[in-house]
Amino acid sequence: METISENRCFGGTQGVYRHASDALGCEMTFGLFLPAEADDGPVPVLWYLSGLTCTHANAMEKAGAQQWAAEQGIALVFPDTSPRGAGVPDDAAYDLGQGAGFYVNATQDPWAEHFQMWSYVTEELPGLLFARFPLDEARQGITGHSMGGHGALTIAMHFPDRFASVSAFAPICAPSDSDWGRKQFTAYLGENTALWEAHDATMLMRERGFPGPILIDTGTADQFGDLLKTEALAEAMAARRQHATLRMQPGYDHSYYFVSSFMEDHVSFHAEALYGVSE
């Protein structure tokens, strides 16, 4: 693993690292913020999954999460959103290919060789991080924005024993029923819609739900509101009697101005859950 940079940040360290990924067949870069408490031993960790077109740097530089994570003594992981490099297939559209991995394991050509983001985020990268850094594997939360909110919700529902809490900023809630999701699912997973269900937060909510706390924020002025399908997830949560907090924030759009406005709430929400987990 190569250290690209390490900077002092709110008493802790914001690092950027590069490694060769076996799952993706390319080099990958991620950000990791370690609070001061990491000097004394493993700390709880909050995963942040970013949205379309983003790299590890977007949330790391724009979300303002380090200040609140430092106050709570929590580490932050900022993975990239897709494989990258000259040998990795891409598409001219912003919502497919590099920058748009959608947190699934692709089964279709030309994507299948490299676009194994589900395995990367849930298996390979955690294995590297917990072996190298002072992170408490027993205390993990996950959050994300837009496409990353979709990833956070679906991953949490598949791994309820791993994650104590899940939150999302403007998540894509029902990709099987949106233009974004249908395009990406068809490209990455093929025409068999039965394969899509494992990566649709609304369908997963109907089938299994999540045993821990859930927090979701979406802006009422979100320019992609019709594609997010927030109401579908809300209906699924209500039908399941799922305990969750879903807030429609007046006047906020889809940008990082929105994300940074409510980041303190989300970090505090996860801190309450993570420090409630028995060590």
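The axes of helix α2 (residues 65-72) and helix α9 (residues 256-274) come within 9 Å of each other and cross at roughly 30°. That angle makes α2 roughly parallel to α9, a label for angles under 35 degrees. The crossing is right-handed, meaning the near helix is turned clockwise from the far one by less than a right angle. From α2, the contact uses A65, W68, A69 and Q72. From α9, it uses M263, E264, V267, S268 and A271. Contact means heavy atoms within 4.5 Å. By class, this contact has 6 nonpolar, 2 polar and 1 charged residues.

This is a predicted model, where local features need pLDDT of at least 70, side-chain atom pairs count only at pLDDT 80 or more, and totals for chains, interfaces and linings use all residues. Residues are numbered from 1 along each chain, and side-chain values use heavy atoms, without hydrogens and water.

Helix α3 (residues 117-132) packs on helix α4 (residues 147-158) at about 60°, with the axes 12 Å apart. W118, V121 and T122 of α3 meet T154, I155 and H158 of α4. These residues divide into 3 nonpolar, 3 polar and no charged.

Next comes a single residue. D136 sits in strand β6 (residues 135-144). D136 is buried, at 14% relative accessible area; the cut-off for buried is under 20%, with a 1.4 Å probe and protein chains only. A polar atom of the D136 side chain lies 3.0 Å from the backbone nitrogen of A138. Leaving out residues up to four places away in sequence, D136 touches P42, V43, P44, V45 and F130.

Methods. Helix = DSSP H or I, 4+ residues; strand = E, 2+ residues; numbered from the N terminus. Buried < 20%, exposed > 50% of the residue type's maximum accessible area, 1.4 Å probe, protein only. Polar contact = N/O pair within 3.5 Å; in protein donor to acceptor, adjacent residues only side chain to side chain. Axes fitted to C-alpha atoms, helices over the stretch in contact; angles between N-to-C directions. Parallel < 35°, antiparallel > 145°, perpendicular 65-115°, else oblique. Nonpolar A, V, L, I, M, F, W, Y, C, P; charged D, E, K, R; others polar.
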